[in-house]
Each structure stands twice: as structure tokens, then as C-alpha cells.
Amino acid sequence: MDSLFRHWNYENELPPYTMWQVLEPQREGVRQQLARFAGVSPEEIALTRNASEALETVQLGLPHAAGDEVLTTTRTTRG
């Protein structure tokens, strides 16, 4: 947790610089490492900003025809 918070604090000091000059150049290396860890090709790994972006990328990347339905998630509330 300490490492996570240090990273967040560093990133939030100057977000545009950190995002594009520090983190973005590291993305491909991270993708390569994740692929090796998962035992798949790097082309099978996509890094997204969050789960919503990932889900939207998959949904919009599939060919859809009239009448097709896409089931994504359900939300349940417990009281």
C-alpha cells in the first residue's frame, strides 16, 4: 500500500508530465511483461485506464448486426 500511495502522490504532483513523459514510455515494457506472465502474445494484452474503458473497447470492437444484443453487467443492491 505504501508503494501504491507513493506512486499516486508522485503522479499527482504534475499529471501531464508524469503521464506522457514518464509513464507512457513504460507502457510497452509493462505489456510485454504481462504477456510473458500470462503466457500469451503481447498483441493479446491491452492496457486501458479503467474497467469501463476496457469494456467499451471490447464492445465497440465487435461486429454487431441488427437484432444483436450485448449483455455486459448487472447491478444488484442489497439492503
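Helices (H or I, at least four residues) and strands (E, at least two) are taken here as DSSP runs, numbered from the N terminus. On that basis the protein chain has 4 helices and 0 strands, and from the N terminus on its elements run α-α-α-α. The model is a predicted one, in which local features need pLDDT of at least 70 and side-chain atom pairs count only at pLDDT 80 or more, while totals for chains, interfaces and linings use all residues. Residues are numbered from 1 along each chain as its sequence is written, and side-chain values use heavy atoms, with hydrogens and water left out.

As for overall shape, the radius of gyration of the protein chain (over C-alpha atoms) is 17 Å, whereas a compact globule of 79 residues would come out near 12 Å; the globule rule is 2.2 Å times the number of residues to the power 0.38. Along the principal axes, the C-alpha atoms fill a box of roughly 45 × 40 × 25 Å.

Thr18, Val22 and Leu23 are buried; they sit on the same side of α2 because they cover an arc of only 70° around the axis, judged by the directions from the helix axis to the C-beta atoms. Pro16, Trp20 and Gln21, on the other side of α2, are exposed.

Then there is the largest pocket, with a volume of about 460 Å³. A pocket here is an open set of points on a 1 Å grid, where a 1.4 Å probe fits, with protein on both sides within 12 Å along at least five of seven lines; lining residues have an atom within 4 Å of a point. The volume is the space filled by probe spheres set on the points. Among the lining residues are His7, Glu11, Met19, Trp20, Leu23, Arg27 and Val30. Two or more lining residues come from each of α1 (2–13), α2 (15–23) and α3 (27–38), and α2 gives the most, with 3 residues. By class, the lining divides into 5 nonpolar, 3 polar and 4 charged residues.

Finally, Arg78 lies in the segment after α4 (51–61) and counts as exposed because its relative accessibility is 79%. Arg78 and Pro42 are 36 residues apart in sequence and 40 Å apart in space, C-alpha to C-alpha.

Definitions and conventions. Nonpolar A, V, L, I, M, F, W, Y, C, P; charged D, E, K, R; others polar. Buried < 20%, exposed > 50% of the residue type's maximum accessible area, 1.4 Å probe, protein only.
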